[in-house]
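Hello,

Here is the structure we discussed passing on. My notes on salt bridges and backbone angles follow below it.

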Amino acid sequence: EADIGACFVYRYNETTQEWQQLGATILGENVGDLFGTSVSMNENGEVVAVGAIHNNDNGDDSGHVRILEFNALSAEWVQVGEDIPGLLQQAVSGSGVALSATGDTVVIGSPNNININADQKGSVQVFETGVMLKSGTVAFTVVIEFSYSEIAWMVERLDVEQTDTVFYASVPEDTYADSIG
């Protein structure tokens, strides 16, 4: 159906020298969600984080991120914890996602996730995913407060370093003020 979205994961088979799909196609939830707007994978390729920016679970276009882990015994992708929703309607959370190498930490970019002075501002949130017996609770939020609200629509790139304690986010313009909240 229109704009539900999907995520396909492939692994290279050294023996056959072919790319083979790992498990079934991971489908989005609702028409219009744009599941797969952003995707990140951990180092061994067995955990994925998928953003759906127009999901409406927490209000119109609040967006969300879903974490899935590959179960080798059943050859299926299994959701880890609950969907991680945007905080506000129009947050378009999941515009950018990044998983750590181990898959136990996810960084989520949301261009309009925080309401400051009645203006929605971009944010980057860091969560423990629940992989490797972690709690799945929010670790902290960095509020990226743009000088001009019209450029707050996009967190361009997110990444998590190997240490699982460092991340970076970049934005399309360099005229912004940042604060940690």
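**Salt bridges and backbone notes**

Arg-11 has a relative accessibility of 34% and therefore counts as partly exposed. Please keep in mind that this is a predicted model.

A search of the whole structure gives three salt bridges. One of them joins Arg-11 to Glu-46, with the closest N and O atoms 3.5 Å apart. Arg-11 belongs to strand β2 (residues 10-13) and Glu-46 to the loop between β5 (35-41) and β6 (47-52), so this pair ties together parts that are 35 residues apart in sequence. Glu-46 is partly exposed too, at 27% relative accessibility.

Another salt bridge pairs Glu-29 with Arg-66, and here the closest N and O atoms are 3.5 Å apart. Glu-29 sits in the loop between β4 (26-27) and β5, while Arg-66 is in strand β7, so the pair links parts that are 37 residues apart in sequence. Glu-29 has a relative accessible area of 39%, which makes it partly exposed. Arg-66, by contrast, is at 10% relative accessibility. The cut-off for buried is under 20%, so Arg-66 counts as buried.

Arg-66 also meets Asp-83 in a salt bridge, at 2.8 Å from N to O. Asp-83 lies in the loop between β8 and β9 and Arg-66 in strand β7, so this contact ties together parts that are 17 residues apart in sequence. Both Arg-66 and Asp-83 are buried. Through shared partners, the salt bridges join Glu-29, Arg-66 and Asp-83 into one network. As background, side chains of opposite charge can pair when their charged atoms come close.

**Positive phi**

Which residues other than glycine have a positive phi? Ala-75 is one of them, with a phi of about 55°. Ala-75 is placed in the loop between β7 (64-71) and β8 (76-79). Its relative accessibility is 41%, so Ala-75 counts as partly exposed.

Val-92 is another, with a positive phi near 45°. Val-92 is in the loop between β9 (84-85) and β10 (96-99). With a relative accessible area of 13%, Val-92 is buried, whereas Ala-75 is partly exposed.

Regards

Technical notes: Residues are numbered from 1 along each chain as its sequence is written. This is a predicted model: local features need pLDDT of at least 70, side-chain atom pairs count only at pLDDT 80 or more; totals for chains, interfaces and linings use all residues. Side-chain values use heavy atoms; hydrogens and water are left out. Helices (H or I, at least four residues) and strands (E, at least two) are DSSP runs, numbered from the N terminus. Buried means under 20% relative accessible area, exposed over 50%, partly exposed in between (1.4 Å probe, protein chains only). A salt bridge is a side-chain nitrogen of Lys or Arg within 4 Å of a carboxyl oxygen of Asp or Glu.
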